[in-house]
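Colleague: I have a model open and would like to go through a few of its parts with you. Could you start with how the strands are arranged?

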Amino acid sequence: MHNSSLTHVVQLLDEQSERVPTHPALSWLTQDGREVLTWADYRQRVWAVASGFLDLGVKPGETVAILAPNIVEHYVADLAAILCGAATVSLYPTLVDEQLVHILADAQPVVVIIADVTGAGRIRSALPEHSAARIVCVQGQGEGSAGAHVLWADLLTRGSESLDANRGELGTRLANSGVDDAATYVYTSGTTGMPKGVIVTHANLLFEMEAFDRMGLFVGGYRVVSYLPLAHIAERLWSLYFPLKSGGNVLLCPDQSQLVSYLRLQRPSYFMGVPRVWEKLRGAAKMILKAEPYLSRSAKVAADRDVLAQAWSQSQDGSLGPEQRLRALRAREGILHDLRRDLGLDWTVNPACGAAALPEDLRDFWRSVGVDLTQAYGLSETTGVAVWERIGGASRGSVGFAVPGCEIAIAEDGEILIRGPGNTPGYRNMAPDESGLFVGDWLATGDIGHLDEAGRLHVTDRKKEMIVNASGKNISPTAIEDKISGHGFINQVIAIGDGRPYITGIMTVNEPALLSFATEFGIAGDLAELVEHPVVLHEAQRIVDLANERVSRPEQIKRFRLVADQWSVDSGDLTPTLKLRRRAVLARYSSMVDGLYEQPGNGES
């Protein structure tokens, strides 16, 4: 599907530097304001750093690793490395030492880019014993002891000086590159073991760009905010690779806590977030609605939200008529447009959610304020998105249709199979027959799902996470988890029941929401006391009961416990991509889980 003359993504960088040389490619904020790197300057800097990499001895087929936030040097280093014929590895900043050691041993980088000298010691100790990898520090002064690291500024200066001499070699490497060469290795989040390096080729990336072009993602200009770690395949797609296809502009946000400010500044045409990000933005939206000018017009806000909510529901049952459609259009254009502008989402034509299931109440909220949130589905092994809802074709519980050029099938056991040019050829340092990744020419996703009559994909669970209860019944934990998570003061939920007579649950709480509930009902105490308070437990039981009404009896949660802990990447309960580490959570609360299957004590659910 892609332009057959293209074999390397850097060829697109060269094209954009000629097509729109003075247009902004990357921008970032400093104390002095907004800095911009044009497409012409972007190309020049990439080629200069590639020349510097040549001087450091980087050869085709080798690996360059990057441990840095979403800063301009990360982007330049990534493209410079693949211009040299190397492949890149972006590292999650939240990796524990054991994971970092494993990935560096597997990737064998010859150069490691780090943000500052404070991380040099950690990288040096994590590298294999006899590694000769050079460490390049973006910020710092002087070289480390015995020349242990190189400064980015020096690399760029020296590369610029040697570029004329190295230009021919770089051009030769670019011309001799193969479309099936590895461009990057994306390491899995390690939910069931140590991370594996997914091989992502130039062909994989060129396919994704073409598929999204066909779906209209780049029509009318392309503006995005880069804020997720670049070790995440989704972030790499929308902020590193897609702009090479579109000539768009990326605003770099190295601190996620400042995301709303960056959204207001950039007003992106495309914005993708994991459910947790959309939950945080919902919190920001609710805070805005509590202030003027929205507070004094709360009745109008509520009325327009109700119109949009009804239109969304009617679109699902086929009863949305011309009159209701017109009312919805008017509701979108009123005060709710102002809310979207204040969030920086008023120009976002394609708002998307992926990487985890989107709770229905969260989607309903965004639909009610005119943000037509769509869902996407894919894996690192499919180069990110393989399935995406199209605007106007969304359906509850669905993640959409296969992207152009991709096929979806369901195996006899319900596993989702994917076939298409986006599929990885395999894992680094692992033979295809060892990976268990393929069934013939279909990629086995490890997820369970089904296709509806229209051909939309519905993902129900992870194959390895299915609960088999004591009666031998297969139960999807997310069937009940998704109906409780995000409701009231309930935050995260894990359903338990493998080999057990019934389903139980452990739930974390949203601290601000719980404190607000406690204030409303005159309850005093800290978080640990509140999660044990009878009034709080009664409300939690009400939420659970409502969810239980929507699932079959074997799927219902019979008992649960609230905990004051927060499950996070730092606590080891979530992967870097914010997926739940079920084994880790169950091990952490093993005594509590056992207690849930004993006779109920006083005050327990």
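Modeller: This is a predicted model, and in it five strands make an open sheet in the order β12-β13-β14-β15-β16, with mixed pairing. β12 (270-273) and β16 (401-402) stand at the edges with a single partner strand each, so one side of each is left without a neighbour in the sheet.

Colleague: Which way do β12 and β13 run, and how many bridges join them?

Modeller: They run parallel, and four bridges join β12 to β13, which covers residues 350-353. Within this pair, Y270 stands opposite N350 in β13.

Colleague: Switching to helices, why does the span of α8 agree with its 14 residues?

Modeller: At 1.5 Å a residue, the 14 residues of α8 (residues 233-246) should span 20 Å, and the end C-alpha atoms are 18 Å apart, which agrees.

Colleague: Where does α8 bend, and what follows the helix?

Modeller: The bend is at L240 and comes to about 25°, with a proline, P243, following within four residues. After α8 comes G247, whose phi is positive, near 70°.

Colleague: Is α8 mostly covered or mostly open?

Modeller: Mostly covered, as 13 of its 14 residues are buried.

Colleague: And what lines the second largest pocket?

Modeller: That pocket, with a volume of about 510 Å³, is lined by 20 residues, and S315, L320, R325, R367 and D372 lie nearest its centre. The lining divides into eight nonpolar, six polar and six charged residues.

Colleague: Which helix gives the most to that lining?

Modeller: It is α11, with five residues, while α11 (298-317) and α12 (322-333) each supply at least two.

Note on methods:
Residues are numbered from 1 along each chain as its sequence is written. This is a predicted model: local features need pLDDT of at least 70, side-chain atom pairs count only at pLDDT 80 or more; totals for chains, interfaces and linings use all residues. Side-chain values use heavy atoms; hydrogens and water are left out. On a 1 Å grid over the protein atoms alone, a cavity is a set of points where a 1.4 Å probe fits but cannot get out, and a pocket is an open set with protein on both sides within 12 Å along at least five of seven lines; lining residues have an atom within 4 Å of a point. Grid points are joined across faces, edges and corners, and a volume is the space filled by probe spheres set on the points. Ala, Val, Leu, Ile, Met, Phe, Trp, Tyr, Cys and Pro count as nonpolar, Asp, Glu, Lys and Arg as charged, and the others, Gly among them, as polar. The expected span of a helix is 1.5 Å times one less than its number of residues. The bend at a residue is the angle between axes fitted to the seven residues ending there and the seven starting there. Buried means under 20% relative accessible area, exposed over 50%, partly exposed in between (1.4 Å probe, protein chains only). Two strands pair if DSSP finds at least two bridges between them.
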